[in-house]
Amino acid sequence: MDPVSQLASAGTFRALKEPLAFLRALELLFAIFAFATCGGYSGGLRLSVDCVNKTESNLSIDIAFAYPFRLHQVTFEVPTCEGKEQEKLALIGDSSSSAEFFVTVAVFAFLYSLAATVVYIFFQNKYRENNRGPLIDFIITVVFSFLWLVGSSAWAKGLSDVKVATDPKEVLSLISACKQSSNKCMAVHSPVMSSLNTSVVFGFLNFILWAGNIWFVFKETGWHSSGQRYLSDPMEKHSSSYNQGRYNQDSYGSGAGYSQQASLGPSSDEFGQQSSGPASFTNPI
């Protein structure tokens with residue numbers, strides 16, 4: 001049997017039915033969706049500038065932008081409507097820091113979720129052999145929960161800036177020819193942001209998954225086991241002391257009852273005196 005088959009046969013895929021491994025698998029899947037919808041995005045918009053002199057017009061001005069959204073580097077040329085001269089402009093803004101941070105968190109979360117799922121399935125005994133594995137897993141889960149919250153919030157703000165900077169009305173306001181009422185400027189089509197909106201949703205869903213998984217990872221650590229032992233020891237002591245007191249009370253009660261019953265019966269001396277009483281009245285003839 002080849003090593004891959006041996007490893008597959010040794011793996012306990014039943015671990016995926018447990019919340020710990022099941023949530024890790026969901027985190028893996030959602031991380032893929034998060035960095036794919038953000039890191040793989042490319043879009044654009046199209047404008048038209050209709051000058052009074054039709055030969056100077058440009059009815060198809062394409063402006064393309066993509067991840068990592070360094071919009072200030074996106075340039076395009078538009079007519080000035082003053083001869084054949086062209087005006088070179090650029091979009092406003094730079095959301096690369098928030099977008100790259102978001103994608104970086106998603107990629108590393110995917111890699112860790114993949115590694116953790118493999119450990120849960122094929123090396124579960126070694127994972128639970130000592131407290132080091134669950135403790136490291138717990139710390140990393142807390143850190144990634146925080147990173148997902150920060151990254152998703154930052155990218156949500158960055159996406160809002162991207163939407164404003166690529167709004168056709170905002171771009172048209174940059175064109176000097178559109179400030180003249182004699183020229184007609186309009187947007188042919190606006191950029192589609194649905195996938196970027198989806199990336200933000202997946203970012204916060206990843207935060208919820210990682211934050212919810214903290215409890216299940218914590219249950220694997222020694223901290224949870226020691227806490228249970230600490231709670232059970234006082235209960236056991238209270239139960240043993242209660243049983244001991246009840247036993248002493250029962251023993252005392254039974255002894256007292258026995259003594260009381262013994263005191264109710266006539267003693268041997270009294271019985272002898274009573275039996276000898278009638279004999280004293282009998283005289284021999």
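## Disulfides

A disulfide here is a pair of cysteine sulfur atoms within 2.5 Å. Searching the whole structure, which is a predicted model, turns up two disulfides. Count the bonded cysteines along the chain and the pattern reads 1-2, 3-4.

Start with Cys 51 and Cys 81, whose sulfur atoms sit 1.8 Å apart. This pair ties together distant parts of the chain: Cys 51 is in the loop between E1 and E2, Cys 81 is in the loop between E3 and E4, and 30 residues separate them. The torsion about their S-S bond is -70°, a left-handed link. Cys 51 has a relative accessible area of 2%, so it counts as buried. Cys 81 is buried too, at 14% relative accessibility, because the cut-off for buried is under 20%.

Then there's Cys 178, bonded to Cys 185 with an S to S distance of 2.1 Å. The S-S torsion of Cys 178 and Cys 185 is about -100°, so this disulfide is left-handed. Cys 185, with a relative accessible area of 25%, is partly exposed. As for Cys 38, its relative accessibility is 0%, so it is buried.

In soluble globular proteins, nonpolar side chains tend to be buried together. In this model, the largest nonpolar core has 51 residues, and Ile 63, Phe 65, Trp 148 and Trp 155 are the ones with the most contacts inside it. Elements giving two or more residues to this core include strand E1 (42–50), strand E2 (58–66), strand E3 (75–79) and helix H5 (132–165). The top contributor is H3, with nine residues.

What does Phe 65 touch once its neighbours within four places in sequence are left aside? Its contacts are Tyr 41, Ser 42, Gly 43, Gly 44, Leu 45, Leu 71, Val 74, Val 162, Thr 166, Pro 191 and Met 193.

## A buried glutamate

Glu 87 belongs to strand E4 (residues 86–90). This residue is buried and yet has no salt bridge. How far away is the nearest side chain of opposite charge? That would be Lys 179, at 7.4 Å.

What Glu 87 does have is a polar contact of 2.9 Å between its side chain and that of Ser 176. Skipping residues up to four places away in sequence, Glu 87 also touches Phe 76, Glu 77, Val 78 and Thr 80, along with Leu 174, Ile 175 and Ser 176.

Technical notes: Residues are numbered from 1 along each chain as its sequence is written. This is a predicted model: local features need pLDDT of at least 70, side-chain atom pairs count only at pLDDT 80 or more; totals for chains, interfaces and linings use all residues. Side-chain values use heavy atoms; hydrogens and water are left out. Helices (H or I, at least four residues) and strands (E, at least two) are DSSP runs, numbered from the N terminus. Buried means under 20% relative accessible area, exposed over 50%, partly exposed in between (1.4 Å probe, protein chains only). Lys and Arg count as positive and Asp and Glu as negative; His and the chain ends are not counted. A salt bridge is a side-chain nitrogen of Lys or Arg within 4 Å of a carboxyl oxygen of Asp or Glu. A polar contact is a pair of N or O atoms within 3.5 Å; within protein, one must be able to donate a hydrogen and the other to accept it, and residues adjacent in sequence count only if both atoms are side-chain atoms. Contact means heavy atoms within 4.5 Å. A nonpolar core is a set of buried Ala, Val, Leu, Ile, Met, Phe, Trp, Tyr and Cys residues joined through side-chain atoms within 4.5 Å.
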